[in-house]
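Here is a short tour of one model, written for someone who likes to know the cut-offs. Have the viewer open as you read.

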Amino acid sequence: MENISESFFEAEYDQSINTIVVRWLTSPSSQEFRIGMNHIITLLREYPTGTLLTDTTNLGAIDEDDQIWSYTEWLEQAVVNGYDTLVLVMSPDIFAQMSVEDIMTQANAATKGRIVNQYFDNEQDAKAWIKQRSETVSQ
């Protein structure tokens with residue numbers, strides 16, 4: 001299992017739920033945000049799961065230019081590498097929530113709704129949903 005760790009971000013492949021788990025540890029600068037997002041692309045290439053569990057609790061508001069970059073340049077690369085499901089642990093910060101929701105609205109429009117999105121208050125519930133979904137799909 002590959003772990004990627006930065007001062008602002010960590011990500012790993014969790015084999016038990018066949019998911020790439022991402023945690024934003026602090027509110028990143030624009031450069032740090034893009035570095036973290038590009039690490040996700042690297043993991044999608046290495047582990048073709050398609051499912052991301054992203055904890056945005058500490059993410060903070062995302063700069064508008066980075067939002068646009070996310071649903072234009074980054075999203076295309078992610079979809080090419082199998083990305084199809086995003087499970088989010090949402091920040092209690094209203095500005096962070098609005099940033100994430102703006103990105104998701106634009107991403108859903110760009111992919112014509114092909115990306116499955118689920119929102120949770122904590123990682124435990126998010127992982128339980130992923131596990132339940134994979135059991136349902138495999139039946």
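## Tyr71 and its helix

Tyr71 sits in helix α2, where helices (H or I, at least four residues) and strands (E, at least two) are DSSP runs numbered from the N terminus. Leaving out residues up to four places away in sequence, Tyr71 touches Ile103, Gln106, Ala107 and Ala110; contact here means heavy atoms within 4.5 Å. From Tyr71 to Asn81 it is ten residues in sequence and 15 Å in space, C-alpha to C-alpha.

A word on the ground rules: this is a predicted model, with local features needing pLDDT of at least 70 and side-chain atom pairs counting only at pLDDT 80 or more, while totals for chains, interfaces and linings use all residues. Residues are numbered from 1 along each chain as its sequence is written, and side-chain values use heavy atoms, with hydrogens and water left out.

## How α2 meets α3

Helix α2 (residues 64-80) packs against helix α3 (residues 94-110) at an angle of about 35°, and their axes are 9 Å apart. Those axes are lines fitted to C-alpha atoms over the stretch in contact, with angles running from 0 to 180 degrees between N-to-C directions.

On the α2 side, the contact uses Gln67, Ser70, Tyr71 and Leu75; α3 answers with Ser99, Asp102, Ile103, Gln106, Ala107 and Ala110. Sorted by class, that makes five nonpolar, four polar and one charged (Ala, Val, Leu, Ile, Met, Phe, Trp, Tyr, Cys and Pro are nonpolar, Asp, Glu, Lys and Arg charged, and the others, Gly among them, polar).

## One cavity

Searching the whole structure turns up one cavity of 30 Å³ or more. For the grid-minded: on a 1 Å grid over the protein atoms alone, a cavity is a set of points where a 1.4 Å probe fits but cannot get out, a pocket is an open set with protein on both sides within 12 Å along at least five of seven lines, and lining residues have an atom within 4 Å of a point.

The largest cavity has a volume of about 250 Å³, a volume being the space filled by probe spheres set on the points. Of its 20 lining residues, Met37, Leu86, Leu88, Ile103 and Met104 lie nearest the centre. By class, the lining has 17 nonpolar, three polar and no charged residues. At least two lining residues come from each of α1 (30-46), β4 (51-55), α2, β5 and α3.

## The largest pocket

The largest pocket holds about 190 Å³ of space. It has 13 lining residues, and Asn18, Thr51, Ile130, Arg133 and Ser134 are the closest to its centre. Two or more lining residues come from β5 (85-89) and from α4 (123-138), with α4 giving the largest share, five residues.
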